[in-house]
Structure formats: C-alpha cells, structure tokens
Amino acid sequence: MYITASSSAALIRASRVRFSSFPSISRTLASPLPHSSSSSILKSQSFSCCTAFRSIRYSVPRWSHGLGWTSPASLRAQIRTATPVIKRSERKISTMASENVFKGILTSLPKPGGGEFGKYYSLPALNDPRIDKLPFSIRVLLESAIRNCDNFQVTEKDVEKIIDWENTSTKQVEIPFKPARVLLQDFTGVPAVVDLACIRDAMNNLGRDINKINPLVPVDLVIDHSVQVDVARSENAVLANMDIEFRRNKERFAFLKWGSTAFHNMLVVPPGSGIVHQVNLEYLGRVVFNTDGLLYLDSVVGTDSHTTMIDGLGVAGWGVGGIEAEAAMLGQPMSMVLPGVVGFKLTGKFQDGVTATDLVLTVTQMLRKHGVVGKFVEFYGEGMAGLSLADRATIANMAPEYGATMGFFPVDNATLQYLKLTGRSDETVAMVEAYLRANKMFVDYNEPQQERVYSSYLELDLGDVEPCVSGPKRPHDRVPLKETKADWHACLDNKVGFKGFGVPKESQEKVVKFSFNGQPAELKHGSVVIAAITSCTNTSNPTVMLGAGLVAKKACELSLEVKPWIKTSLAPGSGVVTKYLVQSGLQKYLNQQGFHIVGYGCTTCIGNSGDLDESVASAITENDIVAAAVLSGNRNFEGRVHPLTRANYLASPPLVVAYALAGTVDIDFAKEPIGVGKDGKSVYFKDIWPSNEEIAAVVRSSVLPDMFKSTYEAISKGNEMWNQLSVPASTLYSWDPNSTYIHEPPFFKNMTMEPPGLHGVQDAYCLLNFGDSITTDHISPAGSIHKDSPAGKYLLERGVSPKDFNSYGSRRGNDEVMTRGTFANIRLVNKLLNGEIGPKTVHIPTGEKLYVFDAAMRYKAVGQDTIVLAGAEYGSGSSRDWAAKGPMLLGVKAVIAKSFERIHRSNLVGMNIIPLCFKPGEDAGTLGLTGHERYTINLPSKISDLRPGQDVTVVTDTGKSFICTARFDTEVELAYFDHGGILHYVIRSLAKQ
C-alpha cells in the first residue's frame, strides 16, 4: 500500500474501513482510557507527518549484525528488485500518517558514548503501577498497541484493556495486534504467495490499484520443507538430495523467486540454508528493531506452528494460519483474545545425563495436563540460570505440543551472550540491552525481582527431570526411559488407540527374517527402521547435537555398529551445526554409524523421510510388523513420520543414536546390553553415554562466533541451482493451466464489492464423523501421495508418473491436488466406516463407500451442504491453512466438535466454515448422533444479531435438537464471516481506500 503525503487524510478515513460496516465492532472501540494515571499522557500532542519526514531524512542505519555480516534487511535488498526510494518514503508516511496519541511518551535512548540509538515509546513514562506487575509477554502486546495507536485500527481503549490485564484477561476481551514481521516456510509460503498473486488479480478485476497488494512489514520466507531423505548413509547425500529436491520443485522454487521480485519487502532464503526456525533464531531475529530511528520490540507471526521457537530469544512469536499471515502482511491488525498467562517457575539444576529434550518432554506433559490452550506460558525462576539460550529455544519450540500460544522467555544476560555468540555486533547488543532495560523488559537475576502477576502458576525442579521419550503416537505421551520396555509391551497388548496396537499375545514375539543387500536381516515388533536426528527443536542445540556425536564416538571405539537396514540420517537446522561437528572431530564418528548429513531442512520430522528399502518395506507389510521410528523431532502422530512406522518416538539426538545402535525400542537400557564390544563383552547404555561435563567441554571448544558469521554471510550468495532459476519481471502472475504445482485457486472468482452476508446450514449431510485428536495431518496430510488416491489419479491423468508425485506439502500451490488430498490420511478413523481405517467415507444417500473427495463431489453436484462431527482437540498439530481451505472446497459448511485447536479454529473462520462446540459434557455420542442424520444450523440473517460465543441451535431430521456455542471468538471474526472469509474482507477494505 503506497499513499502520498497529500493522501494522508484519505488514509485516515480508509483506516476506519476495518469497522465501518459493523456497528457492534465500532461500539467496542469508542470510550477513552479511564485510568487517571495514564489519561494525561493521552492528551499530549500527536506525532505529525513532519516528524515522519524528518525520521526518513535523518534515519540511523537499520538493524544489522555488524561489519562483514549480511543482515536480513540488506540481504532483502540484494536478492530482490530494489524498491524506489520514493516508494519507501511513501510507505513510511502511510504507516505513520495517522496521529499517535502517545507521542508524549516518545523518549530518546542515549548511547553510552554520546548521541542516541533512537527514540522509543516508553512504558515507564506512562507512570502506571499496573504495568510493573504485568507479565513480560503482555508488555510486548502493550508496547505494540501503544506504538500503533491511531484510534482507528488500535484505540486508546485497546491500550487500557492491556494495561488492566489482571482484570480483563478473564473476560475474553478482544485486542488488535500488529506484529513487526511475518515468517513463512515453503510448504505454507507457496500457498501464501499464490493467494497474494490471486488477490492482486482480484484487485485488478475490481479495477483497483494492484500496488496496494504488497507486504507492509518485513516478510521472510525460508525454503526448508522440500528436501527429502532420498539418499542416506552416503558422503554425497547432501548434494544428491538437493539435486533431487530442485528437480522435483523447480517450478515451485521459480514461483517463490518470482514472488521475491514481484512483491516488495519479501526476502526468500534459498533451499539448503537451514530450517526456518533455526535460521530465525540464529539470524533473522532482531529482538529490538531500529527502523529509521524508531526503536521497538521485534515480534513475529509465522505460518508454521513452531514459530514459537523464537520465544526462547525473548521475541514474541507464534503460529497463525496462512490466511491470517497474509492479512497481517497487508497491514491488517490481528484480532486476538487477550490471553491468560501461566507463570512457570523453574528451580534447581539438571542431574547428570539429562538433556534439554528430556526437559521439554516433561514440560509438555505438565502443561498439557494443566491446560494452556489459548494462553501464554512465561518461564522464570532461579533455574533459568542453568538453561542455555538453546535449551530455552527447545522448550519454546514445542509450545504447540503443550497447547500454548507462546512459551516465552524474557530477555536476560544469557540472551545477550547468545546474540554475541551468533555474530550480532557489539553495538547491536548494546542497543538491545539499553532499550529493554529502559523499557522495563529486561530480567537481571542479579537484582531484586519485581513480583509479577500470573493467571495460574506451575513449578518444576530441574533436578526432578529424568531421561525420557514420548510416544508411540503423541508428543505429550511421555515415558521415562527406565519404563520404556514395560510401556512398549503394554502398548502391544492394549487395544488400538493412542497407547495401543492390539497385537495378539501369540504373535508378539515373532521374528521376520529377510535378505538386505545380500545380508541376513531380521525384524520384530519394535524394531527400529528409521533413526533420524532432525528438526529445529533439537538441531539448534549444540549440547544435544555434540552429545549425539560423543555417543557415536564411544560406540565406534567399542566396535558397535548400527544395523545397515536402519535408515539413519542427520539433517541440521543450519550450516553452523556442520561446522561445529567437524570442528569437534565428531562428524566422522556419526558417519561411521550411518548418520551422514542428508540436507539442511525439516526432513523426517514433517514426513519427508523418503522410502524405506524395498526389502525392509516388504518385511513390514507382509508380516504386519509394528515397526518403529526414533527421531529428535516434535511431532509423532501416526502416519506422519512414515506410513510404515506405526510406532514413533521422540527422543534427544543422543538417544536417537543409542536406539539406532540397540536396533529396537523393546529394550531396558538400565539392564540389557546394547550390543557386544570388540572384546566380546556386553556394552551397556552407561558405557556410551557422555557426562554433562564432557559435553560442555566440547561445546566450549567447538561452537565459535565466526561459524555463525561465515554461515549467514554465504546466504546472500545463494547456491548454483537457485541462482540459475530465471523468472519473469512481472507484477501479475501468468497462471499456467497445465501446471500441477501452481494453479489459480477459485477463492475470489466472481467476487464483488458487496459482502455476501451470513450463511446458515440447511439439511446438511455428515461427511465424516470423528473421535478425539483429529490433527491437521489427518485433515490435510503433508506426506506422500498414493497412486490410487484421488490426488494420485489426478496427477496420473496429467502425465505425472508416481516417482514424480512429490508430496502433498510440496503441491500446496495447486488447489486441485490439495482438495483431492483433503482427509486423505491413510490412518484416518471415521466412525461412519464402522472400524475400517483409511481415507474413505459413506455417501449417506446411497450407502456407498467412497473416497472422501468423491463423496464430497457427489454432495456438491446436487447442491447438498455437508458438515463434520468431531471430538476434542480437532485440528491439533501444524498450523496448516489447507486443513481449512480443503474442507471449504469440499463443500463443508460447519464443523461441530468438543473443542478446537487455536490456530485451526481461526483458520476455519477465515475460510467461512462455522466452528461449533458441543456444550460441556456433551458430544455426538452422548447426544445419540450417528452421522446418518441431516443437520440444520440456523444463524441470524444480520451480522448485528450475532455475537462472539453465541449459542446456536442445531436440529436434525430425526427430531433431535441441541445447543452449541458458535466459536466466533471476536467481533472481527464475525466481520470476516460476513464477508465470506478473511481475505475477501481484506480485499474489499483495501479496494475502498
């Protein structure tokens, strides 16, 4: 959006658009700030356009890491077409033209040696004692609201709500939030850029200015989700897998490269650079922005649920749906419910042999039990002194698994040390510290602590944490290492479920013998067939990565070897990991055990584990073996890691190596040997497990600041394959109707300037009837495409051979593939099928059993609505917008569930699907619903008659009637629903300006 100074009045009028059509929203934003200690500030003179001009003219340099280091800001300028200076100035004016009522607290931040770092909005200058008690995570929301307060998109009343958090957080009040930047990865980034290109087309079709469709905040897109483990156990694996990755994804990558030139303010980090969250932590994270002399807190929303990893750096960040992120890019504030904050106190210190992975699995289990969905978690206490920044990032990373919006670690001295370690300049670190101390956002554990108020409290003594794993099907099902063997046997006995496989007693001990590359091999239930050191959760942590190397070294010295039929892999989150593994001399031992580096990306953690050897796959399928994968990831939902590994355990990297050596999860490490050493003696777990001090010594000698600098300097050079991609210099995308990767979606076809209004549901059939814990992997899988599936048939019909199918995740830029891939998970449990597992359903009118896509198309062909019934935690897992887009394109009008995962519920609203919750104590089972009924959901005809959280009556054709809660949680979400979706709302808002 580019608006000249002469248009500033028009901008102010246009900013009313967010609420102009909705009296109920306008009403909530009318009254002034009531608290007397703050109100005097609000009467001060506003920040003028003249000040904006001065800030452009006399700006200080943007944030950078220092001399010889390529900052994200400068890199963004290098790899895309430069934006003319006048357009940057116009964008600057457009964001500051509306008067800020808090101009009176703009304060200079002096440099120690004279001069100033810049100016900032000072929270202490408000002189409000309530702020001192606020959790640090809430202060982030407060600073953003004050800085963006224009009394249109963000009002004085919004600021007061946040200041009065102690009272308002229990009342489900709505606030707007404007993040400082947006983070994407390529699986979610491709559909986001597809949508942006499509929105430009829509603006063009409406006769409006397409240049309004440009990101107004920095957008960083890291290509990390496309590399697969096609080649493993090879010195050449990295280059071989990257070559295959580019051949598979050339069209997608070229599209993203086009996006980096067609859209301003967008940085695309090429494939082979690392995992998005580790790159964010080590490089992209600013902590404090200095934009043209204005200092403010870094904050980020990302289209990957593990964006929360940056919370470990003291940067507020969380995952959102792709469609929400697109709206944020285009200058729309995010509407959110002011969250409660759980204070999590850490005390004590680790026992020897315990890792950060053990801690995060313990924390995940505790917080799941406590219940933190929709809340922030803030960590504090004397135990923080024993946690490195990487340890904190590991805990923050798994916030989606424990259900929180954020797992936040306020900035302290450990954060500053990490910034220096990762190559940020001394001046940058000094600015960060000075700003945070001045704005009361810094924790100094050497000083007395101001008591902060939290919504609830938890405490954990780090000394109580013990080695553990989680599995076999959910990340919060923690099992202490000493109990894993007993737990495994219980899982074999238990009926099929999250903790059961239902294997008959008489077949639990069977051994399957086969030939692997001419060698005798065997598998049993629990045999490990995949052992992967993967995922940003752990590969960002030098302690556990070097710990894995030490385990491999000790095993090599004792002549232990991993069985050759186990698919082993190591996928670091950045090139820094390779540098310190080589520096330490430990990579060669990992190679000897088969853990060669296979690429720099997510790989096994997101299901890009590649094929198993045909002999191994046949042994599993022909003998119904419950094979196991052990990975250092964050998700282990059934069907995610690999279709043939029904048991999937999350473990620390050193434990991944240990389990690979043992070859089975059916082992008691305390009592049973892992193998036999060169002297013929049994080797036990304790013989290969390094002490904490051994690991610390290697970390001190091997992890060096220059490694970070040299790694990220190289990003600006790209790589040969990326640099050779040629893209057109056009602002509108030329859609290729024959493309099976990039396809123009139908979301905005025939769109007009008038909102369509509300829709109810009339005589809808039930498309699917689910139980609890249906994940976004079930709804919209990211993994392999089966040749007999609707998506597979679609690709075959267009001349794509099965070897070139790639994955669902890689084809998210094509709505035709993704709609056919919706509910295509092979482990889907649909109650309409009476116990049969798979991606099918019953077409109720005929009783036929069909693929879900085929049944949905039959309903759509005759104009029949459909709904989905579900249990608790519907939509948990990755923040996958296709898990909402797909059902919408299938014709699903509503989902009725016991509860929803936070991001997925928001995505459903954004795609115009009604999310309804059964009343407490009720579900489809208690109400006697079978899914064979027809459902009518009556909504008011006018938006003004519908309120957030309103009760809605659902009636079936069998005479049943029950009350549900409509999970439109904010007034703004109702506005999105009235417009037919969030992006339709944004297009109309921008078009009116």
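Student: Is Arg640 buried or exposed?

Tutor: This is a predicted model, where local features need pLDDT of at least 70, side-chain atom pairs count only at pLDDT 80 or more, and totals for chains, interfaces and linings use all residues. Residues are numbered from 1 along each chain as its sequence is written, and side-chain values use heavy atoms, with hydrogens and water left out. Buried means under 20% relative accessible area, exposed over 50%, and partly exposed in between (1.4 Å probe, protein chains only). Arg640 has a relative accessible area of 6%, so Arg640 is buried.

Student: Which residue forms a salt bridge with Arg640?

Tutor: A salt bridge is a side-chain nitrogen of Lys or Arg within 4 Å of a carboxyl oxygen of Asp or Glu. Arg640 pairs with Asp777, the closest N and O atoms being 2.7 Å apart. Arg640 lies in the loop between β22 (628-631) and β23 (647-650) and Asp777 in helix α32 (residues 776-779), so the pair ties together parts 137 residues apart in sequence. Helices (H or I, at least four residues) and strands (E, at least two) are DSSP runs, numbered from the N terminus. Asp777 counts as buried, at 5% relative accessibility.

Student: How many salt bridges does the count come to?

Tutor: By this rule, 50. One of them joins the side chains of Arg392 and Asp412, at 2.9 Å, N to O. Arg392 sits in helix α17 (residues 389-397) and Asp412 in the loop between β14 (406-408) and α19 (413-421), so this pair ties together parts 20 residues apart in sequence. Both Arg392 and Asp412 are buried.

Student: How are cavities found?

Tutor: Rolling a probe the size of a water molecule over the atoms shows where empty space is left. On a 1 Å grid over the protein atoms alone, a cavity is a set of points where a 1.4 Å probe fits but cannot get out; lining residues have an atom within 4 Å of a point. Grid points are joined across faces, edges and corners, and a volume is the space filled by probe spheres set on the points. Here there are 10 cavities of 30 Å³ or more.

Student: What lines the largest cavity?

Tutor: The largest cavity holds about 190 Å³ of space. Its lining has 23 residues, and His225, Asp304, Ile606, Arg640 and Ser878 lie nearest the centre. By class, seven are nonpolar, 11 polar and five charged. Ala, Val, Leu, Ile, Met, Phe, Trp, Tyr, Cys and Pro count as nonpolar, Asp, Glu, Lys and Arg as charged, and the others, Gly among them, as polar.

Student: And how many charged residues line the second largest cavity?

Tutor: None: the lining has nine nonpolar, one polar and no charged residues. Among them are Phe136, Gly314 and Met441. The second largest cavity holds about 60 Å³.

Methods. 1 Å grid on protein atoms, 1.4 Å probe; cavity = no way out; pocket = protein on both sides within 12 Å on 5 of 7 lines; lining within 4 Å.
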